[in-house]
Amino acid sequence: MDGDPDDLELLLATTRQEVDALRDDRRLAPIQGSRGAALREHVLDLLGAFDHRIAETPDAGASPAVRRAFARSLRQSMVMLRGAYAALPWLAATREPTVNLGSLYLAEELATALVGSDVDLVVVPNAEAMYSTTSWPFSAVIDGTAGFTPSASRRPIVLNYPLSDGDRLLLHPLFAHEIGHASVHEHNLVSTVETGLDSSEAFSDAFSETIQAMKTFWPAASETRIIGTLRAMLRAWIEELLCDHLATEAMGPAFLLAFACFVMPLSYGEPGNQHPPATLRVRLMLEHLARRGWDPYLDSVTPGIKSWLTNVSADAAGAAPAPSFAFFRDQLADNAETLQDTTNVRVGSHCLDPAASIPAADEAAALLDASILPVGLDEPLHGRAILLGGWQSAIRRHGDRPEGLVHALADRRLQDLVGKAIEMSTVVTSWRATA
Amino acid sequence: MTALGREELREAMEAPSLGDRLVIVPLLDPAQVGAAAVDLRLGTEFLLLRRTRRPGIDPGVRSQADLDEMQERVVVPFGEKLWLHPRHFILAATLEYLALPNDLCANVVGRSSWGRLGLIVATAVFVHPGFHGCLTLELVNEGDSPIALRPGSRIAQLSLHRLASAAEVSPDEGKYHGPVRPEPSRLPSERGEFDRLDKLGSELRSRLG
């Protein structure tokens, strides 16, 4: 139990020490330009929130219950204060980019397209082998500090990529999925979809049937618990699928190919509490691409890989290990167009339009085939079209089959050209804007 | 060999076939194409020599990995600067990516405006027909004041020459094919020749018994 006066003293001294140590760190110094500035403000808000809490310490005359409650709250927040050290290398990365500039510019463009212009993006490698995103990493303490007003207004997003993948440009369409999480949260997209589902009679009936089935499958759980669990999983699956669809809107077939390359070796048809099975995800992506008019492109550029993925997606209809998984799969597949349309509205004019992008991807691929930087001979090509052209050239070189995807990832020279071309395309476009 | 003037440069850059075309991308400003040369800009990536406790660089003994380890890659985005201090040596790359057709070769020299500040821009100087890639530039500050290097600065000049007949170049010829960033020395790949030179020395030393 918290509440011993000395215990509170220890907590206060520790908090002061950690706050001072963080404030003194040179990596928290003011940043030139906007990159990382909102993240820095967010960290300073966290320190400000702790200052505020220290100032609100109940005095010695306060009741033991009040002092105990204060100590408990401070102790619970201490983990986040320690966790703030993780932000220091993130801030350092805004001064010296850890990823090539082409990928950095691509990620920043995706953040603008998917979330909005009012964001701050930091791209950093992570020792864990997965891609992930964190937004407002310290908001729990900041928002939970009554009477404290934070100064950060732009959403700070930290995008992590695996250490192994810094130069694997062909995988960087996965950035779009990760940044999609920030978009989903910023624009409450899960609620939009969930509200739409709840208004459907067919969905409500299926939900009721699943609750009954789960009572048999999970007899120890109360109905309230079953409903809560189903709702949480449904929201998690909707979020993952929305991120897939946002990435498909933004990156076109390049996302599907990167997904197949990175995710398919790690998972297949196994559903999880947080993630739908890869088979279902592939099925919905293929349907989405077809609906947006990408089928002729896929049939022409990569019929072999498309055929393989179509076979993979057929397995999405297989037996599910629990009634809940079958319910999510069937409902989300039946309502796939709602998911697609939600993301289409969000991405709007920033989507990768096949009519404009295919000629640009063709030009980029032809230049890559000739070992020429695919920045565009007359006009700068769009960075996302360059990446698609990169996949196109890679498949031509390394084979239109699953194994070819792996060989493509090992093609360092091609990916160097793609990364540099995206960097230069951004430079040329910005240069013209300065005229 | 004939040096190419402005009109010939433009013609070479607009050749209908990609294989015959002189490609210099991106050209931020058309005025980079001058009367008899093309201005080249500084790129965003650099290689700095690390301080080392090793005795020195002997390319006949060192492996490529050893040599690479002695150099640190640094990325300097547009809008930022890299300060080159007196007597410091770095490798940079051109912002532009070049693709020379098989009937053109080129020479690269530093711009005199930089040279008058003490900056020496040396390169392999001669660019072979069929070369594809960003050029690696060797930069040394021979002056007494540190010099600020900004990516995008016009730092060197490329003069192009037409060969009497096109050279025969295989698509993957050369040790430095298609680089997009400064390339470290590849001398360790000539280890066989260094070994032979050592052997030759031994032979000559032992001739008299």
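Which residues of helix 14 of chain A are buried? In this predicted model, the buried residues of that helix are I305(A), K306(A), L309(A) and V312(A). The paragraphs below set this helix in the context of its chain, its domain and the neighbouring chain.

Chain A comprises 20 helices and three strands. Its C-alpha atoms occupy a box of roughly 80 × 65 × 35 Å along the principal axes. A compact globule of 435 residues would have a radius of gyration near 22 Å, and the 24 Å of chain A therefore agrees with that expectation. Of the 435 residues in chain A, 45% are buried. Considering contacts between residues at least 6 apart in sequence, 82% connect residues that are at least 24 apart.

Helix 14 spans residues 303-314 of chain A and contains 12 residues. From its first C-alpha to its last it reaches 17 Å, close to the 16 Å expected at 1.5 Å a residue. When the helix is viewed down its axis, the buried residues fall within an arc of 120 degrees, so they line one face.

Chain A is divided into domain 1 (5-95 + 134-159), domain 2 (189-350) and domain 3 (354-433). The C-alpha centres of domain 2 and domain 3 of chain A are 30 Å apart. Their contact involves 17 residues of domain 2 and 14 residues of domain 3. On the domain 2 side, helix 11, helix 13 and helix 14 of chain A each contribute at least two residues. Helix 11 of chain A provides the largest share of that side, with five residues. By residue class, the domain 2 side consists of 12 nonpolar, four polar and one charged.

A further contact joins the two chains. Here 17 residues of chain A are in contact with 14 residues of chain B. Helix 20 (residues 412-433) of chain A gives the most to the chain A side, namely eight residues. The chain A side as a whole divides into 13 nonpolar residues, one polar and three charged.

Definitions and conventions
Residues numbered from 1 in each chain as written. Chains lettered and ligands numbered in written order. Predicted model: local features only at pLDDT ≥ 70, side-chain atom pairs only at ≥ 80, totals over all residues. Contact = placed C-beta atoms within 7 Å. Helix = DSSP H or I, 4+ residues; strand = E, 2+ residues; numbered from the N terminus. Nonpolar A, V, L, I, M, F, W, Y, C, P; charged D, E, K, R; others polar. Rg over C-alpha atoms; globule rule 2.2 N^0.38 Å. Buried ≥ 20, exposed ≤ 12 C-beta atoms within 10 Å, placed from the backbone. Expected span 1.5 Å × (residues − 1). Arc of directions from axis to C-beta. Domains from an automatic or database assignment.
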